[in-house]
Amino acid sequence: MEKWLEGLEPVVVRQDLKVPYRYSMGATTSRFFIEIRDNRKIMGIRCPQCDVVFVPPRTTCGRCFSQLHEWVEVGNQGTLETYTQVRYTTPVQPAAAPFYYGIIKLDGADTGLAHIVGDLKGQEPRIGMRVQAVFKEERKGNMLDIRYFKPVGDEKEAGSRAQGARPKKKVQKPKRREGEKSRIKVKAKKSIKKKTARGKTKKMVKPARPRGKKAPPPKRKVKGKK
Ligand SMILES: [Zn+2]
């Protein structure tokens with residue numbers, strides 16, 4: 001024990017430290033939230049080299065390090081990939097327990113978006129369940145502008161507002177999905193066909209080249225710009 005503590009009983013006080021802070025979300029994330037807030041559109045961003053659509057969007061591809069600029073609108077419906085139930089209410093959670101968190105792969109996206117799964121009307125969520133975004137009426141430019149994702153209900157609801165006037169068939173089969181399907185088919189057959197399918201995409205000019213070799217050029221380009 002320290003000398004100065006001899007004969008003293010240290011006083012211990014329990015307190016909480018509150019640290020409010022503000023930060024800029026940057027150009028990419030800002031645009032994502034602005035589109036949700038102003039247009040009820042969920043936007044993703046495509047990597048021209050990997051042909052992966054990220055939702056939420058990101059500035060740099062984590063796989064090939066390309067700078068990403070190609071915005072694409074994805075569906076406001078998607079598939080529940082996985083979920084968990086929150087059983088304890090804490091101040092950092094956006095809702096009172098119990099509620100479900102899910103990872104939703106929106107139509108046209110290749111990555112999952114974490115959000116609340118709600119309005120389940122007593123049923124349990126299940127993997128593979130079709131869900132759709134429910135937007136708040138009053139939106140502020142943050143993730144909770146989407147109140148939650150709820151199970152896709154009747155046909156009328158299916159093509160909801162963020163999909164504009166597009167008919168339901170198109171909603172479920174955006175461009176990206178068609179591409180995916182053809183790739184899956186090809187995969188089952190032969191790799192030669194895979195190249196053909198990929199070659200259809202303008203940006204996949206040299207599909208035979210390994211990714212590791214393709215990655216550096218955009219990197220250097222960006223550094224040069226800055
Ligand atoms: Zn990439």
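Is lysine 121 buried or exposed? Lysine 121 is exposed, with 8 other C-beta atoms within 10 Å. For the cut-offs: a residue counts as buried with 20 or more other C-beta atoms within 10 Å of its own, as exposed with 12 or fewer, and as partly exposed in between, the C-beta atoms being placed from the backbone. Some notes on the rest follow.

1. **Ground rules.** This is a predicted model, in which local features need pLDDT of at least 70 and side-chain atom pairs count only at pLDDT 80 or more, while totals for chains, interfaces and linings use all residues. Residues are numbered from 1 along each chain as its sequence is written.

2. **Confidence.** The protein chain averages a pLDDT (the predictor's confidence in each residue, from 0 to 100) of 78, and 67% of the residues score at least 70. Watch residues 154–226: pLDDT stays under 50 there, and the model has 58 contacts beyond four places in sequence for this stretch. A contact here means two C-beta atoms, placed from the backbone, within 7 Å. Where pLDDT is low, the predicted coordinates should not be read in detail.

3. **Overall make-up.** The protein chain has 7 helices and 8 strands. These are DSSP runs numbered from the N terminus: helices are H or I with at least four residues, strands are E with at least two. Of the 226 residues in the protein chain, 20% are buried. Taking contacts with a separation of 6 or more, 51% of them link residues 24 or more positions apart.

4. An open sheet is formed by 3 strands in the order 2-1-3, with antiparallel pairing. Strand 2 (53–54) and strand 3 (70–74) are at the edges and have a single partner strand each, so one side of each is left without a neighbour in the sheet. Strand 1 (residues 42–46) runs antiparallel to strand 2 and is joined to it by 2 bridges; pairing requires at least two bridges found by DSSP between the two strands. In this pair, arginine 46 stands opposite valine 53 of strand 2.

5. **Other pairings.** Strand 4 (residues 77–86) pairs with strand 7 over 3 bridges in the antiparallel sense, and glutamine 77 has glutamine 132 in strand 7 as its bridge partner. Strand 7 also pairs with strand 8, again antiparallel, over 5 bridges. There, valine 131 stands opposite proline 151 in strand 8.

6. **The core.** The largest nonpolar core has 26 residues, of which Ile42, Val55 and Leu106 touch the most other members. Such a core is a set of buried Ala, Val, Leu, Ile, Met, Phe, Trp, Tyr and Cys residues joined through C-beta atoms within 7 Å. Elements giving two or more residues to this core include helix 1 (26–39), strand 5 (99–106) and strand 6 (113–117). Leaving aside neighbours within four places in sequence, valine 55 is in contact with Ile42, Gly44, Val74, Leu106, Ala109, Thr111 and Leu113.

7. **Glycine 78.** This residue lies in strand 4. Glycine 78 is buried, with 27 other C-beta atoms within 10 Å. Its contacts, apart from neighbours within four places in sequence, are Ile104, Lys105, Leu106, Asp107 and Val131. Glycine 112 is 34 residues away along the chain, with 9.4 Å between the two C-alpha atoms.

8. **Helix 1.** With 14 residues, helix 1 reaches 19 Å from its first C-alpha to its last, close to the 20 Å expected at 1.5 Å a residue (the expected span is 1.5 Å times one less than the number of residues). Arginine 31 lies in this helix and is partly exposed, with 15 other C-beta atoms within 10 Å. Its C-alpha is 9.8 Å from that of tryptophan 71, 40 residues apart in sequence. Just after helix 1, arginine 40 takes a positive phi of about 55°.

9. Most residues other than glycine have a negative phi, and most peptide bonds are trans. The bond from valine 55 to proline 56 is cis, with omega near 0°, and proline 56 sits in the loop between strand 2 and strand 3. Another cis bond runs from alanine 97 to proline 98, with omega near -5°; proline 98 is in the loop between strand 4 and strand 5. Aspartate 51, in the loop between strand 1 and strand 2, has a positive phi of about 60°. Lysine 121, in the loop between strand 6 and strand 7, has a positive phi of about 50°.
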